[in-house]
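Please look at the model first.

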Amino acid sequence: MSTADSPNDLMERIVALCKRRGFIFPSSEIYGGFNGFFDYGPLGAELKKNIRDCWWNDMVRRRDDIVGLESSIIMHPKVWEASGHVAGFTDPLVDCKVSKQRYRADQLFYAAVRIKGKIPDTVIQSLLSSKRISEQLAQELRTADGSTPQIVGYVSALENEKTVEELNAGAKNYQRKHSIQGELALISNEASEETKLKMIGQGENWAPSTGATEFLMGKPKDMTEAKPEEIPFIPSPATGEPGSLTAPRSFNMMFQTNVGAMTDGSSVAYLRPETAQGMFVDFKNVVDTGRVKLPFGIAQIGKSFRNEITPRNFIFRSREFEQMEMEYFIHEDADWAKCHQEWIAWCQAWLLSIGLPESHLSLHAHPKEKLAFYSKGTVDIMFKYPFGVQELWGIAARGNYDLTQHATASGKPMEYFDEATKKKFVPHVIEPAVGVDRILLAALCAAYAEEDVKDDKGNVEKRTVLRFSPRLAPIKIAVLPLMKNKPEIVDVAEKLYRKLKRKWNVFYDESGAIGRRYRRQDEIGTPWCVTIDFETIEKDGSFTLRERDTMQQRRIMEPELFQLLEEHVY
Ligand code: ATP
């Protein structure tokens, strides 16, 4: 990955490549696009299918303890009542009444601008009349002696990898704009232990640093933490002005639709926001028909829909996306923590097997106080995207909450009969849940590279390459006849192409100089090119095999070529 660029530049180039080479397009582009929706073009569709196939083969077909399922997208509305989604699948939403922009409250950060120094009455009056501070803060400023930092206004910034810098820059700007003399207290995500210990004040997490010229405050707060009296003074990121942000309110993210001819309340149904509930609702059906024994899993791949308030970061957070989820049912007395750890390890190993670099992966355990009451523990596998380290795969230990909820709501028992102990109980579950689109984006970001290379004549040129693992690469190998006007060469090339195509996605390209043809394949991540040349037809039938990553070439015979593909594409 190119490091000289800002993350935005890099994302822009990845998005541009996706468009240029037919991986991903904005949905409904001829009508101006549709925010939060995307279309996968010919190469994107292949890449996505490869992710799904790898997961399905490794998760379901190559294991003895997991079976597949394909449940409907629209299920009985009672499913979503029992699961808790109707009441609780919400995000906190903040509106800007002026710009009509909507923000997720937990992604909109703010900070009080604090200045150490006596603030003149004229400045206080000006801040008050421009509605930057409340009457109460003004009163505090009038009586303060200026020896400790006092609040003189607020700044805001959206969550990104530079939120803290943006807040501090905003605070400096604010100080300048309002001509406030004095020493500005800065915000830090990395307040040292020593600084933290020195933090004083009730509920206010700022503290003067050890006599230095800067003051460090604690981490910035998000809008869910804003006090009602602060909200009118926090500026909207859209306008830069305070007074237009609403208090956070809950917004249910499920898309509603109506089923049948009536469009009244009785026909309301939902597009599923996750695939997992299908596995719980069909649990009994699978147990009764599938000859499964605990521990066992039910896996599903399918579309999910969430009316995300702020779809962003390309396909990272969209409104229609695809999930690969698996519910692994275990005995009520099983060692769930051990099983949880095993699944975390399995998921990490799987990500490596499809070529994601270990250096980009990390784990984040949800703190106990943030877990749902029924949850025993959740660990996310995080990926280092250009726009920050973000959740890729969540692995949750959910106890027997979901099955119990459905048993209560439907009146149908969800118990498992254990032959060995002759006991009935509701199994517990470990749930690894991942998004296909997020894996695809991670694979694209990790694979993208720009390098300076020398052409045949020794001139330096730029090559863009996607270093996809052969498992994921949309095209596994390109067949290139050296010349298109030599029937003997073309004939061999076409035969090889047809033969390879029976098993793999192969591309045939006979136009342009061979170097250019290699570059075109590099840019879409094709691991190998095979060239049929004069040596093929005049000597021993061998081909030139060119490797994408090393750009090295060697002669290869047909059986070895097939073996190479068999070995790497599984
Ligand atoms: P986030 O906190 O990022 O909104 P989440 O914790 O709500 O995600 P889950 O409900 O656990 O996500 O969904 C499981 C997986 O589905 C996520 O780890 C992610 O890979 C994927 N996913 C969730 N929401 C989206 C989305 N809006 N767009 C793309 N993928 C998503």
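A backbone N or O atom of F316 sits 3.3 Å from a nitrogen atom of the ligand. Q323 contributes a polar side-chain atom, 3.2 Å from an oxygen atom of the ligand. A backbone N or O atom of L392 is 2.8 Å from an oxygen atom of the ligand. A polar contact here is a pair of N or O atoms within 3.5 Å.

The ligand on its own has 590 Å² of accessible area, and the protein covers 81% of that. Areas come from the Shrake-Rupley method with a 1.4 Å probe.

## Basis of the model

This is a predicted model: local features need pLDDT of at least 70, side-chain atom pairs count only at pLDDT 80 or more, and totals for chains, interfaces and linings use all residues. Residues are numbered from 1 along each chain as its sequence is written, and side-chain values use heavy atoms, with hydrogens and water left out.

## Shell around the ligand

Which residues come nearest to the ligand? They are R306, E308, R317, E391 and L392, out of 14 residues around the ligand (a heavy atom within 4 Å). By class, the shell holds five nonpolar, four polar and five charged residues. Ala, Val, Leu, Ile, Met, Phe, Trp, Tyr, Cys and Pro count as nonpolar, Asp, Glu, Lys and Arg as charged, and the others, Gly among them, as polar.

## Second largest pocket

The second largest pocket has a volume of about 520 Å³. A pocket is an open set of points on a 1 Å grid over the protein atoms alone, where a 1.4 Å probe fits, with protein on both sides within 12 Å along at least five of seven lines; lining residues have an atom within 4 Å of a point. Grid points are joined across faces, edges and corners, and the volume is the space filled by probe spheres set on the points.

Of the 24 lining residues, N8, E159, N160, R312 and N313 are the closest to the pocket centre. The lining has nine nonpolar, seven polar and eight charged residues. Helix α1 gives the largest share, five residues. Helices (H or I, at least four residues) and strands (E, at least two) are DSSP runs, numbered from the N terminus.

## Backbone details

The peptide bond from L294 to P295 is cis, with omega near -10°. P295 lies in the loop between α10 (283-289) and β15 (296-305).

K131 has a positive phi, near 60°. K131 is in the loop between α5 (121-129) and α6 (135-143). Most residues other than glycine have a negative phi, and most peptide bonds are trans.

Key: A polar contact is a pair of N or O atoms within 3.5 Å; within protein, one must be able to donate a hydrogen and the other to accept it, and residues adjacent in sequence count only if both atoms are side-chain atoms.
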